[in-house]
Amino acid sequence: MKSRIIRLVFCLASFAFSASTQASNPPNVILIFADDLGPGMLGCYGQQVVSTPNIDQLAADGMRFDNYYGAVFCAPARWTLLSGMHDGRKGGWNHTSAGLPIQRDSGKISEQEYQRRLATLKSKAHPIASDEVFLGQVAQSAGYRTAQFGKLDRGFLTWHERVKRFGWDFHEGYYDHARCHGFYPPYLWRNGQRFELPGNHLADCGKTSEKGDEPVGYGGETYSQNVFLQGILKFIRENKDQPFFLYHPTQLPHGPVAIPELHADFANHPTMSLAEKKYASMVKMLDDHVGLIMNELKKQSIDEKTIVVFCSDNGHELYYGPKPAYHAQKLANGQSANLDDKKWRTSECGDIFDGAGGRAGLKRSGYQGGMQCPMIVRWPGKISAGSVTDLLSSHYDFMATLADIGNVPSPPGKDGISYLPTLLGQPQTQTHDYVIVNNHNHRMGSSAVIAGDGFKLVEINRAKDQFQLYNIETDNEERHNLADQLPEKVASLKEILVREIDSDRPDLN
């Protein structure tokens, strides 16, 4: 009863704040959420092969975060962003099964069978509590018109009513994440209405092989990311006179690799494989699209009153080059990798781009390469140009920050902390004692807790009481395990990690 009263107070307060917020015209907010993009792929984080001038300009104009965490793969990353909770909470790793529409579209099951299975899936989907508040709803309470373009929802298969429940006034994109693995879908969805894409006919949306050796342009004629870009630019033009929150969970540069044409920087590269050329071109397209969005903001004279946030869902992933070696945990010299002095790193194992930027591991790893993400925020006249912060922060902080920007209260019981004071160069009086990253995988470490004092505990094998300890302030590449030297620190962080994984949600009854 008490929690319901608190939430009622939040809703009433949000309504009151909404009226005043609309009068004061809060800044627009655009969140560009890249897919599987490691920090090392961006010039502002050290990338040497692929130039990313538009994203780098965001950092030059704004603030770069150097101690920022997502999840270890897409579904929990989106859940923690949209829910404002760390993904160790109950429900953080629950998602629906993907691929059902592909079975129907390919003729493997009938429409009747598809509808039957879809109804069953809906009935068994992780329930949404009536009092749960999502990111889009917080934006709506601040007077924003909300929109989402790209990989809709948090994974893996969703539908119109569920997307609307999350607080989106407008949405356009994929309902099924399995279809997102192809860039040439025969159709997409716009506010619950299906619309066809010319020249695309493959049920799997043109998904390529892991080798990535299909011809450039394989899959169809209409590339999904170009559709989303046009929709985003149209939305900006149509909503330039009212506050909006635009969320773009892009497919780029998630693989398997596919691109309409190779970028001129790589088309005739003498040593790159075709898959590497495609991947580099996908990163370039992402950067080009950021530039086009920024140009549209300037064209509509709303650049200075728009906050642009760029980050990625999780750590780097390989869709080219030494991916088989990573799965086999083989080093460049053919020796087996280990979790001590021979961890697998893109910098040492044949990745021409060093996408993880020297960090150990990749997507799904408990090391920094699996969970540390790029994060950049630009707000002209408010954020000091070229600033850098090592504030410990995470995806689940975005909800509290957006509420702060929109001048509405953050929903009670959430795990996030607003980093708006840091963006504005003001004292950050409230900070995290720790950040939790849950992980059900075990290839290179599992779950982790990152403490505010710079220490990080990585779960190796909980059943055998095996944990590793690193000081990431001085050893972000996790080369020096300090567990034997600091057993008390291991014990204290282990207690936190075990307590938080599968913990109850304080924001719900």
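**Salt bridges and cavities**

Asp-35 and Arg-78 are both buried, where buried means a relative accessible area under 20%, exposed means over 50%, and partly exposed lies in between (1.4 Å probe, protein chains only). The model is a predicted one, in which local features need pLDDT of at least 70 and side-chain atom pairs count only at pLDDT 80 or more, while totals for chains, interfaces and linings use all residues. Residues are numbered from 1 along each chain as its sequence is written, and side-chain values use heavy atoms, with hydrogens and water left out.

The side chains of Asp-35 and Arg-78 form a salt bridge at 3.5 Å, N to O, the term standing for a side-chain nitrogen of Lys or Arg within 4 Å of a carboxyl oxygen of Asp or Glu. This pair links distant parts of the chain, with Asp-35 in the loop between strand 1 (28–34) and helix 2 (53–61) and Arg-78 in helix 3 (residues 74–83), 43 residues apart; helices (H or I, at least four residues) and strands (E, at least two) are DSSP runs, numbered from the N terminus.

A second salt bridge joins the side chains of Lys-90 and Asp-504 at 2.8 Å, N to O. Lys-90 lies in the loop between helix 3 and helix 4 (100–105) and Asp-504 in the segment after helix 14 (487–500), so the pair ties together parts that are 414 residues apart in sequence. Lys-90 is partly exposed, at a relative accessible area of 45%, whereas Asp-504 counts as exposed at 52% relative accessibility.

Arg-364 and Glu-317 also meet in a salt bridge, their closest N and O atoms being 3.8 Å apart. Here too distant parts of the chain are linked, since Arg-364 is in the loop between helix 10 (323–328) and helix 11 (368–371) and Glu-317 in the loop between strand 9 (306–312) and helix 10, 47 residues apart. Arg-364 counts as partly exposed at 32% relative accessibility, but Glu-317 counts as buried at 6%. Salt bridges that share partners join Asp-35, Arg-78, Lys-151 and Asp-313 into one network, and a search of the whole structure finds 31 salt bridges.

The largest cavity has a volume of about 80 Å³, and its lining includes Trp-79, His-126, Glu-132, Arg-154 and Arg-505.

Technical notes
On a 1 Å grid over the protein atoms alone, a cavity is a set of points where a 1.4 Å probe fits but cannot get out, and a pocket is an open set with protein on both sides within 12 Å along at least five of seven lines; lining residues have an atom within 4 Å of a point. Grid points are joined across faces, edges and corners, and a volume is the space filled by probe spheres set on the points.
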